[in-house]
Amino acid sequence: MEITIVTVAFIVFALISLGGAIGVVTCHNLFRGTIWLMVSLFGAAGFFVLLSAPFLAAVQVLVYIGAIAILFTFAVMLTRSISNLKTRFTRLNINIAAAIALFVLLVVGVIGPVFILNPDLQQPVSSVTRTTIDLGEAFARGNSFALPFELASLLLTAAMIGAIVIARESDDEV
Amino acid sequence: MDCTGLCETLFRGGLDQGIAQFISLLAGVLLVSGVPLVTVIFLIWVERKIAARIQDRLGPNRVGPFGLLQTFADLIKLLIKEDITPTAADRLLYNAAPLVAFASVVLIWGVIPYTPYHFGADLEIGVLYMVAVASLGTLAIMTAGWASNNKYALLGAFRVVALLVSYEIPMVFALLVPVMLAGSMSLLEIVHAQGGMWFGIMAPISAVLFFISAQAETGRAPFDLIEAESELVAGFNIEYSGMKFGMFFAAEFLHVFTNAILLVVFFFGGWYGPLWQEPLIAFMWLGLKASVLYFISLWIRNTVPRLRIDQVMWFNWFRLVPLSIANVLVIATVVKIMQLLNLAPRNLIGASFGEVLPLTLVLLLANIAMGLIIVGQLRTAGQTARVAAENRASVRAAIGD
Amino acid sequence: MEILNQWAFIGVFAVAAPIFPALPILIAWILRPSKPNVLKSQTYECGVETVGDTWVQFRVQYYIYGLIFLIFDVEMVLLFPWAMAYNRLDAFASIVGVIFILLLLDGLLYAWNKGVLEWK
């Protein structure tokens with residue numbers, strides 16, 4: 001495996017994603033946990049760039065770090081015990097064993113066969129990389145993804161209405 | 001990756017190709033970021049001078065000729081101020097927040113095209129990148145408010161974030177229009193598409209919407225309840241002192257000028273002007289137009305009173321958001337009808353003035369129609385308010401003095 | 001792979017951008033005096049001592065604004081590719097986009113009517 005700048009970038013983003021994930025899981029402070037989560041998702045955005053999908057990278061940053069992080073923070077404020085989470089890591093050993101078993105399963109079952117079949121697997125940059133404008137066309141053509149596009153809108157509207165209904169119930173005034 | 005220019009020179013000189021590329025990229029970064037960083041130093045002086053003149057006073061005039069070195073005096077003052085970090089603050093986040101806030105503004109300059117040949121990066125998704133990076137600033141402010149471990153900072157941060165988040169909607173909807181007209185999210189292509197006609201003339205309501213939302217996004221008057229000194233005592237940056245506060249401060253000033261430049265890039269032709277083929281003159285046009293818009297935003301800031309948070313929110317959710325959505329719908333319909341009638345070119349890049357003229361006129365008509373409707377609504381709203389006030393006054397007079 | 005060339009610039013820029021504000025702060029750290037005492041390091045509360053924990057009475061209104069912003073954020077993000085490809089498509093594309101926006105306008109009108117958008 002040659003060390004190109006792409007490889008270096010991949011390693012950097014992998015460290016960011018994994019480091020952020022570890023930070024989320026081990027952090028005692030809920031707000032700090034949110035920040036670590038955003039760091040980890042920023043790493044995921046980096047992966048999207050490496051896979052020639054910059055649109056998804058921008059979506060990741062915009063939606064997760066721009067909107068969901070704020071919502072998480074607001075949700076964290078609604079819980080009382082933000083900073084004094086006691087260490088509730090009971091049954092530590094079995095949890096660690098389960099995590100290692102899952103990791104081994106992933107490597108042996110998923111990553112292993114892929115690499116054994118194609119030992120020189122590299123970044124799949126083909127000559128027919130679709131761009132964002134092709135995505136836009138796909139959204140709008142009748143024989144393409146127009147219907148899922150509309151269904152996505154419907155889903156978003158349903159989410160908004162549902163969230164408003166739930167949020168209003170916790171309000172005293174109806 | 002191709003290796004040209006400085007990179008090639010270094011490579012031929014014997015450096016490893018990766019390192020040569022990195023050094024050339026770094027040189028590019030320093031050049032591109034030099035523009036905003038030098039500008040912000042000048043901006044602080046401009047802001048204070050203009051604010052002073054509008055308020056009928058002189059402004060800084062002691063330090064250096066016309067007070068030009070005032071910024072450096074402020075810089076030195078902030079550098080030598082003691083940095084009082086409250087013990088209860090969250091160290092890492094407290095220190096990181098001003099860095100991220102400033103970085104989120106500077107990163108926008110990476111995609112701004114200064115001339116047809118000089119820009120940081122021509123991203124395919126330039127507009128989305130810009131919005132995404134600006135949203136990093138929102139999180140930085142929230143972090144600052146939280147990490148200060150101070151009730152007032154947190155309250156201030158909540159209000160700021162609610163304001164920023166609300167006004168991002170009309171801003172991004174207004175940005176859909178240049179993207180639609182140019183057929184690309186790349187800022188370079190958006191400017192190129194304005195060769196025939198500025199988008200600000202084709203879609204003035206979008207320009208106004210973007211201007212108002214951007215004004216609110218930076219926390220400028222009339223939306224400056226963020227730093228309402230009489231209320232929440234400087235808001236989320238209560239606990240910040242010294243240079244860290246200076247960074248928030250500089251980030252805000254730079255953000256206003258960044259919005260002015262973005263307004264020019266999206267709506268007012270970017271670097272187009274007479275003799276634009278010369279890169280230096282093109283850059284000058286960009287700076288000139290941005291300065292005019294920056295002056296207008298300063299003018300508004302120093303003239304209008306401050307709005308309350310409920311008025312600000314009402315204005316956004318009940319007026320700006322529906323207007324921005326209606327604007328997108330109208331422009332989409334008009335553009336498609338014109339394209340189907342073959343009166344408008346499908347690709348505005350490289351279209352001449354004459355080819356774009358019918359589209360411009362029709363869009364302008366549509367915008368004027370919408371504007372008239374808005375003005376009509378404002379008139380009726382003003383009339384009902386005035387009649388109600390007169391009724392109240394007459395009732396009070398009838399009851400007894 | 002020309003895309004990567006542009007993004008490499010952004011990558012270097014993203015690393016350099018937090019360093020630019022860090023430099024003055026570092027210089028300040030070297031230059032400034034540091035005389036902390038108990039009174040100065042206390043949390044600011046208009047000169048009196050803080051009472052109670054630092055969490056505030058949280059208004060649900062903030063959360064609702066954030067929620068509606070999230071929905072509109074995702075909508076806008078989906079609209080951008082549609083707007084990019086708009087010029088080269090036919091009338092059906094226009095209708096698809098208009099229906100998309102109208103559905104979400106519907107949700108906004110629901111929120112409007114239920115009085116959720118008002119800042120109480």
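## Chain B and its two interfaces

In this predicted model, the interface of chain B and chain A contains 0 salt bridges by the rule applied. That interface brings 23 residues of chain B into contact with 22 residues of chain A, and the area buried between the two chains is about 2000 Å², of which 82% comes from carbon and sulfur atoms. On the chain B side, the residues that lose the most area to chain A are Glu124(B), Leu139(B) and Trp146(B), which together account for 28% of what that side buries.

Chain B also meets chain C, where 84 residues of chain B are in contact with 69 residues of chain C. About 7000 Å² is buried between chain B and chain C, with 78% of it on carbon and sulfur atoms.

| Interface | Buried area | Carbon and sulfur share |
|---|---|---|
| Chain B and chain A | about 2000 Å² | 82% |
| Chain B and chain C | about 7000 Å² | 78% |

Within chain B, the axes of helix 6 (residues 151-182) and helix 12 (residues 309-340) come within 10 Å and cross at roughly 15°. Because angles under 35 degrees count as roughly parallel, helix 6 of chain B and helix 12 of chain B are therefore roughly parallel to each other. The crossing of helix 6 of chain B past helix 12 of chain B is left-handed, and their contact comprises 22 nonpolar, 4 polar and 1 charged residues.

Notes:
Residues are numbered from 1 along each chain as its sequence is written. Chains are lettered from A and ligands numbered from 1 in the order in which they are written. This is a predicted model: local features need pLDDT of at least 70, side-chain atom pairs count only at pLDDT 80 or more; totals for chains, interfaces and linings use all residues. Side-chain values use heavy atoms; hydrogens and water are left out. Axes are lines fitted to C-alpha atoms, for helices over the stretch in contact, and angles run from 0 to 180 degrees between N-to-C directions. Helices (H or I, at least four residues) and strands (E, at least two) are DSSP runs, numbered from the N terminus. Angles under 35 degrees count as roughly parallel, over 145 as roughly antiparallel, 65 to 115 as roughly perpendicular and the rest as oblique. A crossing is left-handed if the near helix is turned anticlockwise from the far one by less than a right angle, and right-handed if clockwise. Ala, Val, Leu, Ile, Met, Phe, Trp, Tyr, Cys and Pro count as nonpolar, Asp, Glu, Lys and Arg as charged, and the others, Gly among them, as polar. Contact means heavy atoms within 4.5 Å. Buried area is the accessible area (1.4 Å probe) that two parts lose on being put together, summed over both. A salt bridge is a side-chain nitrogen of Lys or Arg within 4 Å of a carboxyl oxygen of Asp or Glu.
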